[in-house]
Amino acid sequence: MLSNILKLGLKNISRNKKRTFFTILAITLGITMLVFASSYIEGILTNSTDVAVKIRTGHVKIISSEFLRLDRIMPKEELILNSETLSKKIKGIDGVKLVSPFVKFHSLISKGELNEPAVVMGCNPEILNEHMGLAECVLKGSYLSEDKKEAVIGRLFAEKMNLNVNDEILILTTDINYSTYALPFRISGIFDSGFTYIDKHLVFIPVKFGRQMLDCGDSSHEILVYLNNKDNSGEVSAKIGAILGGREFGRSILSIPWQEDEIIGTVLPMAKQIWSKILGIILLIVALVILNTMLMTVMERNQEVGVLKALGMKNREIFSLIVTEALFIGFIGSFLGILLGGGLSAWLQKTGINFAEMVGKEMWEKLDIPIAIYGKIIYPELTMEIIARSFLFGLLISIVAVLYPAVKSSKMLPVEAFRSKLKV
C-alpha cells in the first residue's frame with residue numbers, strides 16, 4: 001500500500017503543474033530568505049566578536065585595574081612598568097603569536113588656529129598592522145614608520161581639521177607628572193578603517209614618541225596578546241598572571257582573556273538576543289507563508305478527494321496521500337531554497353555587504369559609538385548547521401501545515417466533497 005501511496009503522490013504533484021509550481025515557489029523563496037537571513041545574522045555576530053578581539057581586547061589583555069576602571073578618563077599614570085621586558089617574557093609562552101604594547105592618552109591636536117581633541121595611540125606600527133591591518137586602510141600617503149615622528153589620522157578627522165598628507169600638526173598633552181608637553185608630527189597618511197569612532201577621533205603615532213610625551217620610560221597602558229588559537233586564552237592568561245605576580249611590572253596588573261571582557265560579556269550577548277528576536281520574526285513570517293500556501297493547496301482539492309473516496313479509498317489512505325504529497329513538495333521547495341539561499345550567502349561571503357551604504361553615508365558617520373564593534377563591510381557566515389536547520393524547518397512546516405486539513409478532508413463524505421469547499 002505504501003508504494004502505491006508514494007506513486008500516486010508523485011503523480012498528483014506532477015498532474016497540476018501550475019499549482020505545484022507556485023506551492024514549491026513559495027517554499028523556495030521562504031527558505032531562501034531564511035538561509036540568507038540566518039547567515040547574515042551569524043556573520044554580524046561573528047564579525048562583532050572578531051572586531052572586538054582585534055581592536056579592543058586581543059585574545060588576552062594586560063592592563064592596570066585602575067586604568068581599566070577609569071577607561072574613559074585614561075589616567076596616564078596607571079601604567080604597566082617595564083612593559084618591553086614583560087612583552088619579551090610573554091612572547092616566550094607557547095602559542096603566543098603577537099604582543100602589542102600601547103600607550104594611549106587624551107590630547108589636543110593643533111594646526112594654526114584650529115584645535116580638536118583626539119585620542120592618541122602610541123603603537124608599534126608593524127605589530128599594529130599585523131592584527132588590525134591599518135596599512136591596508138591608508139587612502140593617501142603612507143603608513144607609519146617606527147623611527148619617524150609621523151602620525152596617521154582617520155579620514156573623518158582629516159576632514160574635520162582640513163588636514164592633508166605632509167601637513168604638520170602639534171600634539172599637546174600632559175605627561176604622567178602633569179607637566180604640559182607638545183610635540184610636532186608630520187602626517188604620513190590618512191586612513192579609512194570603516195569605524196566612525198576610530199576615523200573621527202584616533203591619531204596613531206609610534207610608541208617611542210608616545211612614551212616620550214608621557215615621560216614614562218618603556219611603560220605601557222595596555223598590552224594586547226594575540227594567540228595562534230583563541231581557545232587557549234584562559235590557559236595563556238593564567239601563565240601571564242603568574243609572571244605578573246611580583247611588583248616588577250606594577251601593582252594590580254591584570255591579565256584578562258577575551259571572553260571576560262566587559263563588552264564581549266555584556267554588550268555582545270545583548271546584541272545576540274536582539275538579532276535572535278529578529279531571526280525569530282523571520283522564522284514566523286516564513287512559517288506563515290508556507291502554512292498559508294500548503295493549507296490553500298489542500299483546501300482546493302475537495303473534489304479530487306471526493307473522487308478518490310468514491311473509488312473506495314479509505315480515510316487513512318487519503319490522509320497518507322495528502323501528507324506524502326506535502327512531504328515531496330516540502331522536500332523539493334526546501335532543497336531549492338537552501339541551494340539558492342546558500343549560493344547567495346556563499347557569494348556574499350567573498351564580496352561582503354556594505355552596511356554603511358545600506359544605512360547611508362551620513363547616517364553611518366553619525367554612529368559615533370566609542371566602541372568599535374561593527375565594521376562597514378559585513379560578511380555572511382554560512383554553516384552546515386544553518387543549511388540543515390533551514391531545510392528541516394521547511395520540510396517540517398510543510399508537513400505540519402497539511403495535518404489539520406488532511407484530517408478534515410479524509411473524514412468528508414464524497415457527496416460533501418463534491419458540493420462544497422472544506423471549511424476550517
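View 1. Isoleucine 62 counts as buried because its relative accessibility is 0%, where buried means under 20% relative accessible area, exposed means over 50% and partly exposed lies in between, computed with a 1.4 Å probe on protein chains only. The model is a predicted one, in which local features need pLDDT of at least 70 and side-chain atom pairs count only at pLDDT 80 or more, whereas totals for chains, interfaces and linings use all residues. Residues are numbered from 1 along each chain as its sequence is written, and side-chain values use heavy atoms, with hydrogens and water left out. Isoleucine 62 belongs to strand β1, residues 60-64; helices (H or I, at least four residues) and strands (E, at least two) are DSSP runs numbered from the N terminus. When residues up to four places away in sequence are not counted, isoleucine 62 touches Ile80, Leu86, Ile90, His221, Glu222, Ile223, Val225, Ile240, Leu244, Ile253 and Leu254, contact being defined as heavy atoms within 4.5 Å. Between isoleucine 62 and isoleucine 256 there are 6.4 Å in space, C-alpha to C-alpha, although the two are 194 residues apart in sequence.

**View 2. The buried side of helix α4.** In α4, which spans residues 83-91, the buried residues are Ser83, Leu86, Ser87 and Ile90. They lie on the same side of α4 because they cover an arc of only 100 degrees around the axis, the arc being that of the directions from the helix axis to the C-beta atoms. Among the elements that cover these buried residues are β1, β2 (96-111), α8 (207-214), β9 (222-227) and α9 (233-243).

View 3. Two strands are taken to pair if DSSP finds at least two bridges between them. Strands β1 and β9 run antiparallel and are joined by four bridges, with valine 225 in β9 as the bridge partner of valine 60. The pairing of β2 with β9 is likewise in the antiparallel sense and extends over six bridges; valine 96 stands opposite leucine 227 in β9, and phenylalanine 102 stands opposite glutamate 222 in β9.

View 4. Twelve of the 16 residues of β2 are buried, and the strand is mostly covered. Nine bridges link β2 in antiparallel fashion to strand β3, residues 114-123, and valine 103 stands opposite glycine 122 in β3. The hairpin of β2 and β3 has two residues between the strands, and in this hairpin glycine 112 takes a positive phi near 60 degrees. Strand β6, residues 168-174, also runs antiparallel to β2, to which three bridges join it; here serine 110 has leucine 170 in β6 as its bridge partner.

**View 5. The largest nonpolar core and a second, separate one.** The largest nonpolar core has 29 residues, and those with the most contacts inside it are Ile31, Leu34, Val286, Ile290, Met294 and Phe393; such a core is a set of buried Ala, Val, Leu, Ile, Met, Phe, Trp, Tyr and Cys residues joined through side-chain atoms within 4.5 Å. Two or more residues of this core come from each of α2 (17-57), α10 (262-299), α12 (315-351) and α15 (384-411), and α15 gives the largest share, nine residues. Leaving aside neighbours within four places in sequence, valine 286 is in contact with Gly30, Ile31, Met33, Leu34 and Phe393.

View 6. Rings of Phe, Tyr and Trp (its six-membered ring) pair if their centres lie within 6.5 Å, with planes under 30 degrees apart counted as stacked, over 60 as edge-to-face and the rest as tilted. By this rule there are six aromatic pairs. One of them joins phenylalanine 21 and phenylalanine 22 edge-to-face, at 5.2 Å centre to centre and with 75 degrees between the planes. Phenylalanine 22 counts as partly exposed because its relative accessibility is 47%. Elsewhere, ring pairs link Phe331, Phe335 and Phe391 into a cluster. The structure holds zero disulfides, a disulfide being a pair of cysteine sulfur atoms within 2.5 Å. Cysteine 137 counts as buried at 18% relative accessibility, and cysteine 216 is buried with a relative accessible area of 7%.
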